[in-house]
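Biologist: Before we talk about any single feature, please show me the model, and let us then go through the terms one by one.

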Amino acid sequence: YQRRVHGLLLLLTTIPAQLNELAELQALVPKFGGRYRPRRRHQHVIVTGDVNERQLRQFLVNFYADDSLGAFSFIVVILSPHDPSVELQRVLAMDEWHDLIVYLQGSPTEPADLERAAIHDAAACLVLSAADGDPMEADSLAALWVAALRGASPTVQILTQVHQTSSIRMLIHSGASEVVARNQAIGSVLGHSTTCRGFHVLFSNLLSNVRPEGDMPKWGKQYLDSMEVNLYARRVPKAFAGTSFEEMANLMYRPQGTMVIGVRSPKHGVLLNPGQSYLVQREDSMLVLARSGSHVNELGRLPNPLAKD
C-alpha cells in the first residue's frame, strides 16, 4: 500500500512539470507552421505570393461561387511568408469556406515550405502579384516565385497575374503555365464593352465613388443596396428536382435579397426566368442573386412542400 502511495505522489509531482515543459515546447511551434496532408476525397490548390485580404477575398468569392464545376471538392492551401492579419483571419473564418481553407506560414521560395504545402500533389498553384508598389518590381518578384514553384514541381499548373503586358514573356520563361496581365484584361473588357448599349453609364459608375451623404432619393438607396448583391451558381437541391422553375423561385425567395433568377442547364444552356413550363433537373444549376454565399447555401437546406412523398 505504501508503494502505491509513493508512486501516486511521484506522479503528482512529475506530471505538472512535464506538462509545463510540453506547453513551452508547443509555444515555440508557430501557429501556422504545420503541414498540409492531402485528403482522399479532395484535391487542393496552392495560393501564394502577395496574399492580402482584398485579393484573397476576391479569389475565394469567385472560386467558390459555382459548385457545379466541383469547386467545393477543392481545398485551398495558402502559403504566405507572414501570419494572417486580423482582417485576413476574418476572411478565412467566413462560413462559405472556413472548413476548406488551410493557412501555412512559409515562403514560396523555400523548398521545405513547398513540401509542407504538398506541392507535388497540388492540382494547381496560383501566384498573386503584389498589388501595390512599382509594377515592374512586382512582376519581377512574381517571376521569382514562379521559378521557385517550377523548380519544386516540373508538372504542376502555375497560374499567375502580372501588371504589365511586357512581363508575360518573362513569366512564361520562368515556368508559368498561364499568365494574365491586368492592363490587358481591363483593356479587353473595356474594348468589347464599347459596343454595348449603356456603356457610358457603366463607365461613369466605375469612375465614380457613390457614398450616402445626407438625404438620398429612394432610387439612390436602392442602387447602393443592389451593389452589395453578387451572382452565384449552385446545383439544384435534390428536393426540388422536377419542380417548375416558377414554383422553386417563389419558394426560395427571401426578402433579405436572395432571389433565383434562372438556371444553367447542360442541355439548354443559360435560361433566365424560364417560367412555369420549365421543370428544373437535378443536374441543373440555379442562378441566384444574394448578398453572401451563406445565404445561398441556406437555400439548399430548404424543404420542398410541393414534393410528393
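Modeller: The second largest pocket is lined by 14 residues, and Arg57, Val61, Asn230, Tyr232 and Arg291 are the ones nearest its centre. Helix 2 (53-63) and strand 7 (230-235) are the elements that each give two or more residues to this lining. This is a predicted model, in which local features need pLDDT of at least 70 and side-chain atom pairs count only at pLDDT 80 or more, while totals for chains, interfaces and linings use all residues. Residues are numbered from 1 along each chain as its sequence is written, and side-chain values use heavy atoms, with hydrogens and water left out.

Biologist: What makes a set of grid points a pocket and not a cavity?

Modeller: On a 1 Å grid over the protein atoms alone, a cavity is a set of points where a 1.4 Å probe fits but cannot get out, whereas a pocket is an open set with protein on both sides within 12 Å along at least five of seven lines; a residue counts as lining if it has an atom within 4 Å of a point. The second largest pocket holds about 180 Å³ of space, a volume being the space filled by probe spheres set on the points, which are joined across faces, edges and corners.

Biologist: How many residues of each class are in the lining of the second largest pocket?

Modeller: The lining has seven nonpolar, three polar and four charged residues, where Ala, Val, Leu, Ile, Met, Phe, Trp, Tyr, Cys and Pro count as nonpolar, Asp, Glu, Lys and Arg as charged, and the others, Gly among them, as polar.

Biologist: What makes Asp113 and Arg116 a salt bridge?

Modeller: The term asks for a side-chain nitrogen of Lys or Arg within 4 Å of a carboxyl oxygen of Asp or Glu. The closest N and O atoms of Asp113 and Arg116 are 2.8 Å apart, so the pair meets the cut-off of 4 Å, and the structure holds one salt bridge. Asp113 and Arg116 are separated by about one helical turn because they are three residues apart in helix 4 (residues 111-116). Helices here are DSSP runs of H or I with at least four residues, and strands are runs of E with at least two, numbered from the N terminus; the protein has eleven helices and ten strands.

Biologist: Which residues does Ile119 touch beyond its neighbours in sequence?

Modeller: Leaving aside neighbours within four places, Ile119 is in contact (heavy atoms within 4.5 Å) with Ile46, Leu114, Cys125, Leu149, Ala152, Ser153 and Val156. Ile119 lies in the loop between helix 4 and strand 4 (124-128). For Arg182, in helix 7 (residues 182-193), the contacts counted in that way include Gln55, Ser129 and Gln161, and the C-alpha atoms of Arg182 and Gln161, 21 residues apart along the chain, are separated by 7.0 Å.

Biologist: What makes a group of residues a nonpolar core?

Modeller: The group must be a set of buried Ala, Val, Leu, Ile, Met, Phe, Trp, Tyr and Cys residues joined through side-chain atoms within 4.5 Å. The largest such core has 49 residues, and those with the most contacts inside it are Leu56, Leu60, Val76, Ile78, Ile101 and Leu171. Strand 2 (residues 74-80) gives the largest share of this core, six residues. Apart from it lies another core, of 18 residues, among them Ala65, Phe240, Met248 and Val280.

Biologist: What is the phi of Ala118, and where is this residue found?

Modeller: Most residues other than glycine have a negative phi. Ala118 has a positive phi of about 55° although it is not a glycine, and is found in the loop between helix 4 and strand 4. Asn273, in the loop between strand 9 (269-272) and strand 10 (285-290), likewise has a positive phi, near 45°.

How values were computed:
Buried means under 20% relative accessible area, exposed over 50%, partly exposed in between (1.4 Å probe, protein chains only).
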